[in-house]
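Work through the exercises below with the sequence and the coordinates at hand. Each task is followed by a worked solution.

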Amino acid sequence: VDNPNYCVSRKKMNPLKCPKTVKLQTILLMRVIGEGAFGRVFLGTCAHLIKKNEFTIVAVKTLKGNSSESLKRDFEREAEMLSSLEHENIVTFYGVCTESDQWMMIFEFMENGDLNKFLRMHGPDAAMLRAGDMSQELQQQLTKEQLMKIVIQIASGLEYLASQHFVHRDVATRNCLVGADLVVKLGDFGMSRDIYCTDYYKVDGTAIIPVRWMPPESIMYRTFTVESDVWSFGVTLWEVYTYGKQPWFEYSNIEVIEHIKNHRTLRRPPICPDVIYKIMTGCWKSSPQDRLTMKEITRLLETELPSTLVYIDII
Ligand SMILES: CC(C)(C)c1ccc(C(=O)Nc2cc(-c3ccccc3)nn2-c2ccccc2)cc1
């Protein structure tokens with residue numbers, strides 16, 4: 001399935017860079033960490049990637065050996081696009097290996113997996129599931145300061161994509177990755193439609209779209225813009241402050257489409273700070289041009305950060 005946003009934004013994006021070629025003999029695949037319709041994702045190592053005689057731990061997305069010419073063209077387009085994006089909150093794309101019949105894309109490895117899983121594992125429900133042992137529970141649940149740190153990073157990555165005229169079309173916690181020390185980056189391996197299939201709705205047999213994250217104009221006219229990414233960022237904020245709940249989980253896809261068309265918006269999560277709810281409602285304006293821009297959102301969040309940081313006096 002062609003991932004259309006790679007070609008749509010091609011027109012306006014800065015000149016595309018040719019992806020770096022990684023030698024097959026420097027790649028060692030160790031374990032499957034994900035499975036999708038078009039291939040698998042492995043944990044692996046890559047030698048001499050960053051420094052000579054050093055190994056880098058990587059995530060390797062493979063394209064099935066018997067893939068069609070059109071899937072191979074998609075692969076090349078996606079690799080070109082990924083090579084032209086570089087930001088501390090965008091997952092690093094190291095390059096491609098097309099020496100064997102299984103083509104590979106080499107990404108930085110993010111050890112804590114996708115953000116939706118991470119939020120659920122460090123939320124109140126998981127804490128309840130863990131027996132007794134208060135200390136373990138406390139250490140596991142994410143604090144509001146940590147949630148703020150998470151959303152600032154997603155906003156920063158999205159502000160960069162908007163500056164590159166890159167329309168993502170599927171901004172959601174499932175398409176963010178978590179590394180060490182609560183580093184969060186936008187990035188995925190194209191498996192969300194398999195792993196999080198209930199987040200997508202199959203319309204007219206072919207397109208499968210993330211309706212719960214989409215604004216009215218995207219649902220009605222299938223237009224995707226930087227402004228529709230802002231709407232999705234607002235829904236992603238809601239996911240973070242509910243520790244990974246599914247938006248509109250009480251409703252079916254058909255009901256959700258009606259709610260969004262009737263300009264109903266998600267309810268404020270109980271633990272949601274004022275500034276976050278202000279941003280959410282600023283993302284969910286019916287007309288795209290009335291919505292906040294990612295630049296305005298990152299400014300609002302940055303002003304908020306100092307007050308949420310706890311300063312520990314160094315004795
Ligand atoms: C945040 C960055 C720029 C790193 C980004 C943006 C978009 C995507 C993306 O759009 N992923 C994506 C969707 C599908 C996709 C699969 C099936 C059906 C419909 C869409 N594939 N991929 C995919 C392809 C090759 C490498 C990795 C991800 C990723 C990162």
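The model is predicted, so local features need pLDDT of at least 70, side-chain atom pairs count only at pLDDT 80 or more, and totals for chains, interfaces and linings use all residues. Residues are numbered from 1 along each chain as its sequence is written, and side-chain values use heavy atoms, with hydrogens and water left out.

**Exercise 1. The chain as a whole**

Task: State how many helices and strands the protein chain has, and what percentage of its residues is buried.

Solution: 
- Step 1. Take helices (H or I, at least four residues) and strands (E, at least two) as DSSP runs, numbered from the N terminus. The protein chain then has 12 helices and 9 strands.
- Step 2. Call a residue buried under 20% relative accessible area, exposed over 50% and partly exposed in between, with a 1.4 Å probe and protein chains only. Of the 315 residues, 51% are buried.
- Step 3. Define contact as heavy atoms within 4.5 Å. Among contacts with a separation of 6 or more, 65% link residues 24 or more positions apart.

**Exercise 2. Helices H9 and H11**

Task: Describe how the axes of H9 and H11 cross, and which residues meet.

Solution: 
- Step 1. The axes of H9 (residues 226–240) and H11 (residues 274–283) come within 8 Å and cross at roughly 145 degrees.
- Step 2. List the contact. From H9, Val 230, Trp 231, Phe 233, Gly 234, Leu 237 and Trp 238 meet Ile 276, Ile 279, Met 280 and Cys 283 of H11.
- Step 3. Sort these residues, with Ala, Val, Leu, Ile, Met, Phe, Trp, Tyr, Cys and Pro as nonpolar, Asp, Glu, Lys and Arg as charged, and the others, Gly among them, as polar. The contact of H9 with H11 has 9 nonpolar residues, 1 polar and no charged.

**Exercise 3. Aromatic rings**

Task: Find how many aromatic pairs the whole structure has, and which residues form one cluster.

Solution: 
- Step 1. Pair rings of Phe, Tyr and Trp (its six-membered ring) if their centres lie within 6.5 Å. The search of the whole structure gives 4 aromatic pairs.
- Step 2. Phe 93, Phe 107 and Phe 189 make up one aromatic cluster.

**Exercise 4. Two single residues**

Task: Decide whether Phe 55 and Gly 157 are buried or exposed, and list what each touches.

Solution: 
- Step 1. Phe 55 lies in strand E3 (residues 55–62) and is exposed, because its relative accessibility is 64%.
- Step 2. Leaving out residues up to four places away in sequence, Phe 55 touches Thr 45, Cys 46 and Ala 47.
- Step 3. Gly 157 is in helix H6 (residues 144–163) and is buried, because its relative accessibility is 0%.
- Step 4. With residues up to four places away in sequence not counted, Gly 157 touches His 87, Asn 89, Ile 90 and Leu 186.

Terms used: Axes fitted to C-alpha atoms, helices over the stretch in contact; angles between N-to-C directions. Phe/Tyr/Trp six-rings, centres within 6.5 Å; stacked < 30°, edge-to-face > 60°.
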